Amino acid sequence: MTEMARKAATGLDESRGGGGQPVLDRLVALLDLEKIEENYYRGVSPAHSPVRVFGGQVAGQALVAAGRTVPDERRVHSLHAYFIRGGDPSVPIVYEVDRIRDGRSFTTRRVVAVQHGKAIFSLSASFQKDEDGVGHADAMPDVPAPETLPTFHERVEGLGLRFTDRPRPIDVRYVNEPPWVTRETGERPATNRVWMRADGTLPDQQLLHVCVLAYASDMTLLDSVLARHGVYWDDKNVLGVSLDHALWFHRPFRADDWLLYDCASPNAAGARGLATGRFFAQDGTLVATVVQEGLLRVR
């Protein structure tokens, strides 16, 4: 195991429930995959992990693997992924990259994540060289500034929720009341909005910022489904996992600057919920769009 992998596997457990630069540095180490052969990379999970590997982690690591095979001047503009099996956090994950196409403007990669000889996740990603063209974007919703909102730990203090003791490399500030509050108040909001940013300073590597955003995009997206039905993740009667995930990156951004994650759920049926999300920079620039479907079983 490399030194970076060792830090990734052990370090996130040293600051249980905390955040800040040390925890963010360990996320960066988690995303620094070990190259084991041409087109093959190995990643690990933090020691303090839930029963399954966090979906944002495997998505971020798979995107790192794809990006390691693409010239730096080509930026990822989209990814499409399926969560096939629950990942085992106690063993490494092997990422196999298939170099589908290297064109004049676009590069396409497919990545399969493998554990115990079986695929647990697959991702297709497309990269493009910078080009000029037409441009427009939706406006950012009018919301309070992130600095005026309580921190995640201020939100959950004293509530005894199980998921709050994990290290948190992403600073999350809820604009509206989170699902565990709206369940009690009877509100059923149609949107879920949070400000989020990497909780520290990231290196100036554009692929790393994109991969950190991919990691963070799986954190609160399905809250928009849960809140409409008065349930939340810590509810013992709720079973939910990500099924698929798609991301489009529109404009450059920094993942350690504040980004508004504006999420909504247009549909839920068949024990599945669909959620859409838009990431806005603090100046109102639309930088990314997300769509995810998740399994949602409520007893």
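Which residues does Val212 touch, not counting residues up to four places away in sequence? They are Leu27, Leu31, Ile170, Ala198, Leu202 and Ala255, where touching means heavy atoms within 4.5 Å.

## About the model

This is a predicted model, in which local features need pLDDT of at least 70 and side-chain atom pairs count only at pLDDT 80 or more, while totals for chains, interfaces and linings use all residues. Residues are numbered from 1 along each chain as its sequence is written, and side-chain values use heavy atoms, with hydrogens and water left out.

## The sheet

Twelve strands form an open sheet with antiparallel pairing, in the order β1-β2-β4-β5-β6-β3-β9-β12-β11-β10-β8-β7. Strands are DSSP E runs of at least two residues, and helices are H or I runs of at least four, numbered from the N terminus; two strands pair if DSSP finds at least two bridges between them. At the edges, β1 (34-37) and β7 (170-174) each pair on one side only.

Strand β8 (residues 191-198) runs antiparallel to β10 (residues 259-269), joined by six bridges. Here Asn192 stands opposite Cys263 in β10.

## The cores

Val212 also belongs to the largest nonpolar core, which has 69 residues. Val212 is among those with the most contacts inside this core, as are Leu63, Tyr95, Phe121, Phe249 and Phe279. Helix α6 (residues 206-216) gives the core its largest share, eight residues.

A second, separate core has seven residues, including Leu149, Trp195, Leu260 and Leu286. Such a core is a set of buried Ala, Val, Leu, Ile, Met, Phe, Trp, Tyr and Cys residues joined through side-chain atoms within 4.5 Å, with buried meaning under 20% relative accessible area (1.4 Å probe, protein chains only).

Conventions:
Buried means under 20% relative accessible area, exposed over 50%, partly exposed in between (1.4 Å probe, protein chains only).
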